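Trainee: Could you show me how to read a model like this one, feature by feature?
Mentor: Gladly; let us look at it together.

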Amino acid sequence: MRRAVFIDRDGVIVRNVKREGFAVPTAPFLFSEFSFFPNVSEALRLLRSHGFLCILVTNQPDVAYGHITRDEWEKIHDEVRKLPLDDVFVCMHTRCDNCECKKPKPGMLFAAQRKWNIDLARSFMVGDTDNDTIAGSAAGCATILVDAEYNREVKSDFRAADFLEAARLVISQND
């Protein structure tokens with residue numbers, strides 16, 4: 001069985017955007033707002049060089065909520081697909097849809113497990129919200145929270161300053 005690092009998108013590899021009317025920073029709603037955090041590709045290459053699958057698992061309900069057009073979302077997602085990821089799982093549902101894939105439910109992680117023959121007990125979930133840590137824990141993964149001002153109270157197995165530090169932490173736990 002294989003090991004994986006499941007990675008949230010916004011707040012981990014893509015910079016969130018602070019905006020009026022939202023309690024916490026959001027995903028970019030326009031391509032012009034989109035940017036990666038530094039060292040994302042380096043972190044992914046490091047994980048892959050140590051035998052980890054790198055799988056993006058991301059809630060993306062903003063099209064359904066009307067915050068972003070499908071065309072703008074596709075432009076952003078096209079850039080994300082250029083990263084050295086092994087796979088991408090996306091939930092486009094809203095909170096009201098009660099689907100099995102939307103984090104904090106672990107559906108995307110279980111789907112990846114089946115597809116890639118992943119040993120969840122030897123895998124990690126890297127995120128920035130309680131939805132990420134709850135999904136990772138429910139799937140049996142260790143969880144790493146990327147620190148942000150909005151997640152100080154969120155529980156996680158580990159914390160990291162950024163995604164590169166999270167990748168190094170994963171490696172240190174498996175050497």
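Mentor: Let us begin with burial: a residue is buried under 20% relative accessible area, exposed over 50% and partly exposed in between, using a 1.4 Å probe and protein chains only. This is a predicted model, in which local features need pLDDT of at least 70, side-chain atom pairs count only at pLDDT 80 or more, and totals for chains, interfaces and linings use all residues. Residues are numbered from 1 along each chain as its sequence is written, and side-chain values use heavy atoms, with hydrogens and water left out.

Trainee: Why does His77 count as buried?
Mentor: Because the relative accessible area of His77 is 4%. His77 sits in helix H3, residues 70-81; helices (H or I, at least four residues) and strands (E, at least two) are DSSP runs, numbered from the N terminus. Contact means heavy atoms within 4.5 Å, and with neighbours within four places in sequence left aside, His77 is in contact with Val88 and Val90.

Trainee: How many bridges join E3 to E2?
Mentor: Strands pair if DSSP finds at least two bridges between them. E2 and E3 run parallel and are joined by five bridges; in one of them, Phe89 of E3 is the partner of Val57.

Trainee: Which residues of the largest nonpolar core touch the most other members?
Mentor: A nonpolar core is a set of buried Ala, Val, Leu, Ile, Met, Phe, Trp, Tyr and Cys residues joined through side-chain atoms within 4.5 Å. The largest one holds 33 residues, and Ile7, Ile13, Leu47 and Phe163 touch the most other members. At least two core residues each come from strand E1 (3-7), helix H1 (40-49), E2, H3, strand E4 (124-127), strand E5 (142-146) and helix H6 (163-174). H6 gives the largest share, seven residues.

Trainee: What does Leu47 touch?
Mentor: Not counting residues up to four places away in sequence, Leu47 touches Val5, Phe52, Cys54, Phe163, Ala167, Val170 and Ile171.

Trainee: Which residues of helix H4 are buried?
Mentor: In H4 (residues 107-116) they include Gly107, Met108, Leu109 and Ala112. The buried residues of H4 pack against E1, E2, E3, E4 and H5.

Trainee: What is the volume of the largest pocket?
Mentor: On a 1 Å grid over the protein atoms alone, using a 1.4 Å probe, a pocket is an open set of points with protein on both sides within 12 Å along at least five of seven lines, and lining residues have an atom within 4 Å of a point. Points are joined across faces, edges and corners, and the volume is the space filled by probe spheres set on them. The largest pocket has about 840 Å³ of space. Among its 33 lining residues, Asn59, Pro61, Arg95, Thr129 and Asn131 lie nearest the centre. Strand E2 (52-59), helix H2 (62-65) and helix H5 (130-139) are the elements giving two or more residues to this lining.

Trainee: How does the second largest pocket look by volume and lining?
Mentor: Its volume is about 280 Å³. Of its 17 lining residues, Gly11, Phe37, Val146, Asp147 and Ala148 lie nearest the centre.
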